[in-house]
Amino acid sequence: MREGIHPEYRKVVFLDTSSDYKFLTGSTKYSAETIEWEDGNTYPLIRVEISSDSHPFYTGKQKADKAGGRVDRFKKKYNLN
């Protein structure tokens, strides 16, 4: 790697603001805000609105499409059932 062109890769804590879920991972994101983690060390804190803890795809709380697909809507519209 060339020196001086890559951002610093370090451990950071991501906080899901909708569910207060926190996880520690590596990232190049920067934040002036810090938090003390369970291991006693202080890490930068990155606030996010959605994570795997609150996203409908991962939680299984997806909205079902009650109208059906394109074909179902077409058949319903023209009474072709």
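The largest nonpolar core has six residues, namely Val13, Leu15, Ile35, Trp37, Tyr43 and Leu45. A nonpolar core is here a set of buried Ala, Val, Leu, Ile, Met, Phe, Trp, Tyr and Cys residues joined through side-chain atoms within 4.5 Å. Strands E1 and E4 are the elements that give two or more residues to this core. The model is predicted: local features need pLDDT of at least 70, side-chain atom pairs count only at pLDDT 80 or more, and totals for chains, interfaces and linings use all residues. Residues are numbered from 1 along each chain as its sequence is written, and side-chain values use heavy atoms, with hydrogens and water left out.

**Core and its contacts**

- In soluble globular proteins, nonpolar side chains tend to be buried together.
- Leaving aside neighbours within four places in sequence, the core residue Leu45 is in contact with Val13, Leu15, Ser31, Glu33, Thr34 and Ile35; contact means heavy atoms within 4.5 Å.

**Sheet**

- Four strands form an open sheet of mixed pairing, in the order E2-E1-E4-E3.
- Strand E2 (21-27) and strand E3 (34-36) stand at the edges with a single partner strand each, so one side of each is left without a neighbour in the sheet.
- From one strand to the next, the twist averages 45°; axes are lines fitted to C-alpha atoms, for helices over the stretch in contact, and angles run from 0 to 180 degrees between N-to-C directions.
- Helices (H or I, at least four residues) and strands (E, at least two) are DSSP runs, numbered from the N terminus, and two strands pair if DSSP finds at least two bridges between them.
- Strand E1 (residues 10-16) pairs with strand E4 (residues 42-48) in the parallel sense over four bridges; the bridge partner of Asp16 in E4 is Val48.
- E3 and E4 run antiparallel and are joined by three bridges, with Thr34 opposite Pro44 in E4.
- The hairpin formed by E3 and E4 has five residues between the strands, and Gly40 in the turn has a positive phi of about 90°.

**Aromatic pairs**

- A search of the whole structure finds three aromatic pairs; rings of Phe, Tyr and Trp (its six-membered ring) pair if their centres lie within 6.5 Å, and planes under 30 degrees apart count as stacked, over 60 as edge-to-face and the rest as tilted.
- The ring centres of Phe14 and Phe23 are 5.5 Å apart and the planes are at 20°, so this pair is stacked.
- Phe14 is buried at a relative accessible area of 14%, whereas Phe23 is partly exposed at 28%; buried means under 20% relative accessible area, exposed over 50%, and partly exposed in between (1.4 Å probe, protein chains only).
- Phe74 and Tyr78 have ring centres 4.9 Å apart and planes at 55°, so this pair is tilted.
- Phe74 is partly exposed, with a relative accessible area of 47%, and Tyr78 is partly exposed, with a value of 46%.
- Phe14, Tyr21 and Phe23 are linked into a cluster by ring pairs.

**Segment before E1**

- His6 lies in the segment before E1 and counts as partly exposed at 44% relative accessibility.
- The C-alpha atoms of His6 and Thr28 are separated by 9.1 Å, although the two residues are 22 residues apart along the chain.

**Confidence**

- The protein chain has a mean pLDDT of 85, and 85% of its residues reach 70 or more; pLDDT is the predictor's confidence in each residue, from 0 to 100.
- Within the protein chain, confidence is lowest in helix H1 (residues 56-59), at a mean of 66, and highest in E3, at 96.
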